[in-house]
Amino acid sequence: MKTLEGVMEEIAIGKLSDIADGDYRIVSVDQLEVGIFRNGSKVLAYENMCPHAGGPVCQGKIFNKVEEVITPDKKSAGLRFGKARHIVCPWHGYEYDIKTGECVSDRKLKLRKYEVIQKGDEVYVRA
């Protein structure tokens, strides 16, 4: 949300201690919906709109990246979960890296990111 002067506003989200690691919440301010994600001690904020088709991306599932294990002779040894965490848009399954907001299958697509400010235990988003 922008003020009349065009200056970005700090929107209070809540206490960091109220958001568990790996958890998220959706915050609405006027016409804007923002997904707030806690990833360890870091809090990230993205617009709740998939750049692919406008779906509510921040309301999708979050999981660790699935990687196929390939043996030296180029055969599949099965799947494993990597460390990278992805947000999956519930409309068409587009996956986004939670740390960067980049689509993992099309790096030209990227979630709109908002600045997160922490003041003690309080969390704000500049939007």
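Biologist: What makes the meeting of glutamate 10 and arginine 126 a salt bridge?

Modeller: A salt bridge is a side-chain nitrogen of Lys or Arg within 4 Å of a carboxyl oxygen of Asp or Glu. For the side chains of glutamate 10 and arginine 126, the N to O distance is 2.6 Å, so the pair meets that rule. This is a predicted model, in which local features need pLDDT of at least 70 and side-chain atom pairs count only at pLDDT 80 or more, while totals for chains, interfaces and linings use all residues. Residues are numbered from 1 along each chain as its sequence is written, and side-chain values use heavy atoms, with hydrogens and water left out.

Biologist: Which parts of the chain does that pair link?

Modeller: Distant ones: glutamate 10 is in strand β1 and arginine 126 is in strand β9 (residues 122–126), 116 residues apart. Strands are DSSP runs of E with at least two residues, and helices are runs of H or I with at least four, numbered from the N terminus. By that count the chain has zero helices and nine strands.

Biologist: Why is arginine 126 called partly exposed?

Modeller: Buried means under 20% relative accessible area and exposed means over 50%, with partly exposed in between (1.4 Å probe, protein chains only). Arginine 126 has 28% relative accessibility, so it counts as partly exposed. Glutamate 10, with a relative accessible area of 30%, is partly exposed too.

Biologist: What polar atoms does the side chain of arginine 38 meet instead, starting with leucine 16?

Modeller: The backbone oxygen of leucine 16 lies 3.0 Å from a polar atom of that side chain, and the backbone oxygen of glycine 40 lies 2.8 Å from one. A polar contact is a pair of N or O atoms within 3.5 Å; within protein, one must be able to donate a hydrogen and the other to accept it, and residues adjacent in sequence count only if both atoms are side-chain atoms.

Biologist: What makes β3 largely enclosed?

Modeller: Seven of its eight residues are buried, so the rest of the structure largely encloses β3. Arginine 38 is found in this strand, residues 32–39.

Biologist: How do you know that β3 pairs with β2?

Modeller: Two strands pair if DSSP finds at least two bridges between them. Six bridges join β2 (residues 24–29) to β3, and the two run antiparallel, so they qualify as a pair. Isoleucine 26 stands opposite glycine 35 there. β3 also pairs with β4 (residues 42–47) in the antiparallel sense, over six bridges.
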